[in-house]
Amino acid sequence: MKRFGLIGRSLSHSFSKRYFTEKFKTEGHPDHRYELHELTAITAFPDLVRTTKGLVGLNVTIPYKQEIIPLLDELDPTAAAVGAVNTIDLRDGRSIGHNTDVEGFRTLIEPLLHGTRPRALVLGTGGASRAVGFVLRELGIKFRTVSRSRDRGDLTWDLMHPAIIKASTLIINATPIGMYPDVEDAPALPYDAIGSGHTLIDLIYNPEETRFLALGKARGANTCNGLPMLLAQAEASWRIWNADR
Ligand code: NAP
């Protein structure tokens, strides 16, 4: 039996369990299982690894993507640069942290750019925002982050004037604002400043079209939700778990 799974605090709406269970069925892996492990504290991680026979891979979600780092034996260079881990490879008694949100976001954004390097705004400064920033830097795209706190971001929400929005034709929502069940919420932006030259990306995939994307689309913006990133990061995790095993 090969076991995979997800660690996080509240996992009842997990996409990953459905995704991998279906994948094991369609790709013919009757001896594979993907299980949810709700941990009230990340200190339970070493015991989970020790007591779960056949565990070869884990995904990590909110709120443990950063807290897990000191408990791992090794970090892949990308995860170290981002400062967040969403995939753990368990092999030869060692735990290695990876960040496949980076590959997920790269897969999402590359087809939207058509070789351009627009100025960007990244809303939020959490783990997903860090993965987005890593990819934007790699692509040579200049960006500023928007935070509730002056200490964490380059800009705060009260500075979101129309001129900044007009000058930033790529806007990425890396906050949970607008995520189910709070589907009526949207990041506080002057949406009238958005036009057909804008691309709006929301990392949220539930709902499929957030209010942020709908408001942008109504003004002619090109929009994309977080589903391509979600699928690509899951496939990247799968490749890591299977590499040279
Ligand atoms: P996180 O670590 O909790 O960070 C979210 C950031 O958003 C926070 O650091 C915060 O930045 C800001 N924020 C949170 N609540 C806010 C509020 N009420 N008003 C304004 N700003 C707020 O979460 P995450 O892991 O980065 O995930 C962020 C979003 O991306 C979630 O919706 C998640 O589902 C999605 N995501 C999607 C994928 C995918 O594959 N599609 C992958 C990863 C994440 P400040 O404290 O600086 O304000």
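Colleague: Where does aspartate 92 lie in this structure?
Modeller: In this predicted model, the strands on either side are S5, residues 87–91, and S6, residues 94–98. Aspartate 92 lies in the loop between strand S5 and strand S6.

Colleague: Is aspartate 92 buried or exposed?
Modeller: Aspartate 92 has a positive phi of about 50° although it is not a glycine. Its relative accessible area is 76%. Exposed means over 50%, so aspartate 92 counts as exposed.

Colleague: Histidine 114 is not a glycine; what is its phi?
Modeller: Histidine 114 sits in the loop between helix H4 (101–113) and strand S7 (120–123). It is exposed, at 68% relative accessibility. Its phi is positive, at about 50°.

Colleague: Which residue does a cis peptide bond join to isoleucine 62?
Modeller: Omega for this bond is about 10°.

Colleague: What is omega for the peptide bond from tyrosine 180 to proline 181?
Modeller: Proline 181 lies in the loop between strand S10 (170–173) and strand S11 (199–202). The bond from tyrosine 180 to proline 181 is cis. Its omega is near 5°.

Colleague: How are H1 and H8 placed to each other: parallel or oblique?
Modeller: The axes of helix H1 (residues 15–26) and helix H8 (residues 227–242) come within 11 Å. They cross at roughly 60°. An angle under 35 degrees would count as roughly parallel, and 65 to 115 as roughly perpendicular; H1 and H8 are therefore oblique.

Colleague: How many nonpolar residues are in the contact of H1 with H8?
Modeller: H1 passes H8 in a right-handed crossing. From H1, the contact has Phe15, Tyr19, Phe20, Lys23 and Phe24, and they meet Leu230, Leu231, Ala234, Glu235, Trp238 and Trp241 in H8. By class, this contact has no polar residues, two charged and, for the nonpolar class, nine.

Colleague: What distance separates the C-alpha atoms of glutamine 233 and isoleucine 201?
Modeller: Along the chain, glutamine 233 and isoleucine 201 are 32 residues apart.

Colleague: At what angle do the axes of H4 and H5 cross?
Modeller: Helix H5 covers residues 127–138, and its axis comes within 9 Å of that of H4. The two helices are therefore oblique to each other, and their crossing is right-handed. The angle is roughly 55°.

Colleague: How many charged residues are in the contact of H4 with H5?
Modeller: H4 brings Asp101, Val102, Phe105, Arg106 and Ile109, while H5 brings Ala131, Val132, Phe134, Val135, Leu136 and Glu138. Eight residues of this contact are nonpolar and none is polar. The number of charged residues is three.

Colleague: Which residues does isoleucine 172 touch?
Modeller: Residues up to four places away in sequence are not counted here. The residues that isoleucine 172 touches are Phe105, Leu121, Val122, Leu123, Val132, Leu136, Ile201 and Leu203.

Colleague: How far apart in space are arginine 148 and aspartate 158?
Modeller: Arginine 148 lies in the loop between strand S8 (143–147) and strand S9 (155–156), and it is exposed at 75% relative accessibility. Leaving aside neighbours within four places in sequence, it is in contact with Thr156 and Trp157. Arginine 148 and aspartate 158 are ten residues apart in sequence, and their C-alpha to C-alpha distance is 9.0 Å.

Technical notes: Residues numbered from 1 in each chain as written. Predicted model: local features only at pLDDT ≥ 70, side-chain atom pairs only at ≥ 80, totals over all residues. Heavy atoms only, no water. Axes fitted to C-alpha atoms, helices over the stretch in contact; angles between N-to-C directions. Helix = DSSP H or I, 4+ residues; strand = E, 2+ residues; numbered from the N terminus. Parallel < 35°, antiparallel > 145°, perpendicular 65-115°, else oblique. Left-handed = near helix turned anticlockwise from the far one by under 90°. Contact = heavy atoms within 4.5 Å. Nonpolar A, V, L, I, M, F, W, Y, C, P; charged D, E, K, R; others polar. Buried < 20%, exposed > 50% of the residue type's maximum accessible area, 1.4 Å probe, protein only.
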